[in-house]
Amino acid sequence: MDNCVWIVLVLPLLLFCSVMCIFIRYYENKIECIERECMYKYMTNFVTKQPNRWKLTKDFEKYLKRDFFKFYFLDIDNFKKINDKFGHIQGDKVLFMIAESLSKLDKRIKLYHISGDEFCIVALCEPKDVEEIEKKITTFKLTVKLPLGESITEEICIKVSVGSSQFPLDGQDYDTIVRVADLDMYKHKSNSCCKNCKNRK
């Protein structure tokens, strides 16, 4: 009789608890997946699918614990002309192609798309390897035929203006390292514009 009472009263309760545990675990997994997806979207540029400025600031926390790294600030030369002539949809596609090519320059770099036509690269290498990596970045070129998907196209050669800074020589915090590289990039861009103006004359 006691066994029957146990089976009738306790067993359904155990079954109910087991089912509830399964449901709870299922929804916990769903919530974790949603959180990961939201975090990925928050840390990723919508156009190029590359890590964005927010991700760069978070990653800098671990970069600053290293003994050395080189930081590069990149600006796509004359990109506004591509948007103006071929439209923003074509421009976004070109940005995606640029980002994809930059990300494959070297396994020792981390690429970030921080805004519009501006990218950052962190070279996680030994000082002796900087020259090799820097040459790949500063000589970057990408030739595309625009508009994409059309039979009649115009060949465009895309180049970048690059500025750099070095940790810990040029700064020991995020703001300083980025500012030094940004100023260096604009200096190179200005010099390039001056040369082009002289050549036209």
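Hi everyone, let me start with a charged pair: Asp-129 makes a salt bridge with Lys-128, and their closest N and O atoms are 3.4 Å apart. Keep in mind that this is a predicted model. Are these two residues buried or exposed? Lys-128 counts as exposed, at 68% relative accessibility, while Asp-129 counts as buried, at 15%.

Arg-108 is partly exposed, with a relative accessible area of 26%.

Now look at Lys-136 and Asp-106, whose side chains form a salt bridge of 2.8 Å, N to O. Lys-136 belongs to helix α5 and Asp-106 to the loop between α4 and β2, so this pair ties together parts that lie 30 residues apart in sequence. Lys-136 is partly exposed at 30% relative accessibility, whereas Asp-106 is buried at 8%.

On to the nonpolar side. The largest nonpolar core has 29 residues, and Tyr-72, Leu-74, Ile-98, Phe-119 and Ile-158 touch the most other members. Which elements supply at least two residues each? They are β1, α3, α4, β2, β3, α5, β4 and β5. Helix α4 gives the most, with five residues. Apart from this core lies another one, of 16 residues, including Leu-56, Phe-71, Phe-167 and Ile-177.

Technical notes:
Residues numbered from 1 in each chain as written. Predicted model: local features only at pLDDT ≥ 70, side-chain atom pairs only at ≥ 80, totals over all residues. Heavy atoms only, no water. Core = buried A, V, L, I, M, F, W, Y, C linked by side-chain atoms within 4.5 Å. Buried < 20%, exposed > 50% of the residue type's maximum accessible area, 1.4 Å probe, protein only. Helix = DSSP H or I, 4+ residues; strand = E, 2+ residues; numbered from the N terminus. Salt bridge = Lys/Arg side-chain N within 4 Å of Asp/Glu carboxyl O.
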